[in-house]
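Keep the viewer open as you read.

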Amino acid sequence: MAVLEIIKLGHPTLSKKAASIQHIDEEIFELAHNMIETMHAAPGLGLSAPQLDVSRRLITVDLSIGENKEDLIVLVNPELVHQEGQVIREEGCLSIPEVYEKIARPQKIVIKGLDLEGKEKEIEATDLLARVFCHEVDHLNGRLFIDGLSSLKKNLIKKRFKKKAESSKR
Ligand SMILES: [Zn+2]
């Protein structure tokens with residue numbers, strides 16, 4: 001297991017639709033464990049495989065950031081099957097550090113997927129947990145939370161990150 005680098009805004013993998021996982025093999029197992037370690041180290045409440053530059057449909061979520069084992073959720077090929085209500089709250093992303101913006105998300109969701117043993121899971125989530133699931137599923141569809149902002153705001157943030165990436169290359 002290893003803590004891996006989280007790719008940042010501007011990286012092409014972040015805007016790609018991730019591919020479904022057909023077999024939960026050793027490679028997926030290792031990816032999931034690296035994601036958990038990286039998410040806990042960041043620290044973050046959730047992570048998606050594309051953020052480690054792996055364009056596959058896998059997410060990890062842990063509102064306790066490693067405090068409670070029961071809070072850790074790994075979902076293969078997650079799919080939102082129900083959404084209701086709306087909550088506007090500030091949100092951030094490990095791939096867009098230091099940017100926090102108010103974003104509308106459903107208050108309640110139902111999400112389906114497989115665990116690492118290939119067992120079907122259906123989870124009902126509200127408020128913050130629902131928000132984190134929606135955020136991570138968006139990553140699998142090449143969507144970032146700033147995509148919901150006005151294009152003016154979005155372009156400002158993108159410009160800022162372009163500058164940062166250029167200065168770190170020097
Ligand atoms: Zn994110």
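In what order do the five strands of the open sheet run, and is the pairing parallel or antiparallel? Keep in mind that this is a predicted model. The order is β1-β2-β3-β6-β7, and the pairing is antiparallel. At the edges you'll find β1 (46-48) and β7, each with a single partner strand, so one side of each has no neighbour in the sheet. On average, neighbouring strands are turned by 35° against each other, direction ignored.

Now zoom in on β6 and β7. These two antiparallel strands are joined by seven bridges, and Leu-114 sits opposite Glu-120 in β7.

Next, the helices. Helix α1 (residues 26-41) packs on the sheet and touches β1, β2 and β3; its direction makes about 35° with that of β2. α2 packs on the sheet too, touching β1, β2, β3, β6 and β7, and its direction makes about 155° with that of β2.

What about the inside? In soluble globular proteins, nonpolar side chains tend to be buried together. Here the largest nonpolar core has 16 residues, and the ones touching the most other members are Ile-59, Val-61, Leu-75, Ile-109, Ile-111 and Phe-133. Two or more residues each come from β2 (58-61), β3 (73-84), β6 (108-114), β7 (120-126) and α2 (127-140), with α2 giving the largest share, seven residues. Take Ile-111: leaving out residues up to four places away in sequence, its contacts include Ile-59, Leu-75, Ile-123, Phe-133 and Val-137. Apart from this core lies another one, of 15 residues, including Ile-21, Ile-36, Ala-49 and Leu-58.

How values were computed:
Residues numbered from 1 in each chain as written. Predicted model: local features only at pLDDT ≥ 70, side-chain atom pairs only at ≥ 80, totals over all residues. Heavy atoms only, no water. Core = buried A, V, L, I, M, F, W, Y, C linked by side-chain atoms within 4.5 Å. Buried < 20%, exposed > 50% of the residue type's maximum accessible area, 1.4 Å probe, protein only. Helix = DSSP H or I, 4+ residues; strand = E, 2+ residues; numbered from the N terminus. Contact = heavy atoms within 4.5 Å. Pairing = 2+ DSSP bridges. Axes fitted to C-alpha atoms, helices over the stretch in contact; angles between N-to-C directions.
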